[in-house]
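User: Could you take me through this structure, please? I would like to begin with the overall form and then ask about details.

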Amino acid sequence: MTSDHFKKESAGNASSLPIKYFLLAPLGVAAWWLLYRQLDPFSRLLTFDLIGLAPGSHLGDALQFFLYDTPKVLMLLTLVVFGVGIIRSFFTPERTRKILAGRRESVGNVLAAHLGIVTPFCSCSAVPLFIGFVTAGVPLGVTFSFLIAAPMVNEIAVILLFGLLGWKVAALYMATGLVIAIVAGWVIGRLGMEMYIEDWVREIRMSADTPEEISLSWPDRVRMGAEAVRDIVGKVWPYVVGGIAVGAGIHGYVPEGFLAGIMGKDAWWSVPVAVAIGIPLYSNAAGIVPVVHALIEKGAALGTVLAFMMSVIALSLPEMVILRKVLKLRLIAVFAAVVGLGIITVGYLFNLLI
Amino acid sequence: MLTIKVLGPGCANCKKLDAIAREAAANLQLDAEFIKVSDFAEIMAYSVLSTPGLVINDKVVCAGRIPTLAEVTKWLTAITNG
């Protein structure tokens, strides 16, 4: 049955890709692009001409920043979430597990971190996923590489960084996020901490039969992309608007260079402090990036701010509480320490290099 | 008598799935018992890697995503007729 489904899927997809998508996709992207180009002039028109605030005034700057960034970020988010939603329809956790099971460690860590980006993953699935991976023979360190990369290097973080801080920062974040996930997972694997998995987990014998693969058609995949947009953009837009509002306030009212003293390059202690502050804070990328953007503008160093962002997203207290169900305290502490050290290293590296 | 189980720790997705399954069963006028499974050991007994999962008469029909009402209706009719 399962192999039948696989055959049907692989044979069916290539031919069932309707021509209309080839025609509609470029049209849609073109319309999106035209609209996107109009956002900056439109926000200026609205703020300075229609509302009549003076360019360069605190309120005028803050409002124009808000009116430009909000639709811009929401448009970017919609496009990317849609695309990623379609890509994710090709990956299931079951398939990822099959790829990773029995892998050698180093190669496995690299693969796991990359698969963490494209495999659909919701933080409430962290526990079943962990158990499913480990009991199927995915090495502990490889499993951690996946669990670290999945929330940290996500499309929302990368696209917001791209939209607000440019492609270089986005690429840097993505690359260093992957490296942290790979190295931290590898280190945890080297430490041989299998005995710090809770006993009940190791006793679980999973039956080999996984739910049948469902063959998806292209209309199904497009529908999944649209659902991802409705679901994710519907959920994060208040964070985006809130984050941009805070960012706009900082942009308009906080003086230039104000943060250089406490969050600048010369404050060596600011990187570990930023990471420590980030652990209990829990926010998704959508809320944190606009604030990060504004902080950098006012003199905060890029490395310090990126370290803060990574800590908020990747090291969250709620996730550790969830993982405590399957991991003993010692392993959670090691996980937090290794990832935390990785983030601090990245923070210092950026502050040194840039 | 059908037994419909929703597997998941209780986040928003599980609640959405539960509502869809109930609606499908009600539309078909099926007599079904709904069970919420949030214990991880029990969830893992169904080999589900990502939640939410939907189990009809002890058979996993879907995991890791929220199916549409039409899909659930199809599964329910398939199981009750055969």
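**Overall form and contact**

Analyst: Chain B has 82 residues, for which a compact globule would have a radius of gyration near 12 Å; the value for chain B is 12 Å, so the two agree. Please bear in mind that this is a predicted model. The C-alpha atoms of chain B fill a box of roughly 30 × 25 × 15 Å along the principal axes.

User: How many helices and strands does chain B have?

Analyst: Chain B contains three helices and four strands. Along the sequence of chain B, these follow the pattern β-α-β-α-β-β-α.

User: And where in chain B is confidence lowest, and where highest?

Analyst: The lowest mean pLDDT in chain B is 84, in helix 2, and the highest is 91, in strand 3, residues 53-56. Chain B as a whole averages 87, and 99% of its residues score at least 70.

User: What lies in the loop between helix 2 and strand 3 of chain B?

Analyst: Two residues of that loop deserve attention, B:Ser47 and B:Pro52. B:Ser47 has a positive phi of about 55 degrees, although it is not a glycine. The peptide bond from B:Thr51 to B:Pro52 is cis, with omega near 0 degrees. As background, most residues other than glycine have a negative phi, and most peptide bonds are trans.

User: Now chain A. What is its secondary structure?

Analyst: Chain A has 18 helices and zero strands. For its 354 residues, a compact globule would have a radius of gyration near 20 Å; chain A has 22 Å, which agrees. Its C-alpha atoms fill a box of roughly 70 × 55 × 30 Å, taken along the principal axes.

User: Which element of chain A has the lowest mean pLDDT?

Analyst: That element is helix 1 of chain A, residues 2-16, with a mean of 42, whereas helix 10, residues 167-190, has the highest mean, 94. Over residues 1-15 of chain A, pLDDT stays under 50, and the model has 18 contacts for this stretch beyond four places in sequence. For chain A as a whole the mean pLDDT is 84, with 92% of residues at 70 or more.

User: How many salt bridges cross the interface, and which residues form the pairing?

Analyst: There is one salt bridge across the interface of chain B and chain A. It joins the side chains of B:Lys16 and A:Asp231, at 3.4 Å from N to O. In general, side chains of opposite charge can pair when their charged atoms come close. The interface also has three residue pairs in polar contact, both residues of each pair being at pLDDT 80 or more.

User: One last item: where is A:Val134, and what does it touch?

Analyst: A:Val134 is in helix 7 of chain A, residues 126-135. Leaving aside residues up to four places away in sequence, A:Val134 touches A:Leu140, A:Thr143 and A:Ile197. A:Val134 and A:Val201 are 67 residues apart in sequence, and their C-alpha atoms are 8.8 Å apart in space.

Definitions and conventions
Residues are numbered from 1 along each chain as its sequence is written. Chains are lettered from A and ligands numbered from 1 in the order in which they are written. Side-chain values use heavy atoms; hydrogens and water are left out. A salt bridge is a side-chain nitrogen of Lys or Arg within 4 Å of a carboxyl oxygen of Asp or Glu. A polar contact is a pair of N or O atoms within 3.5 Å; within protein, one must be able to donate a hydrogen and the other to accept it, and residues adjacent in sequence count only if both atoms are side-chain atoms. pLDDT is the predictor's confidence in each residue, from 0 to 100. Contact means heavy atoms within 4.5 Å. The radius of gyration is taken over C-alpha atoms; the globule rule is 2.2 Å times the number of residues to the power 0.38.
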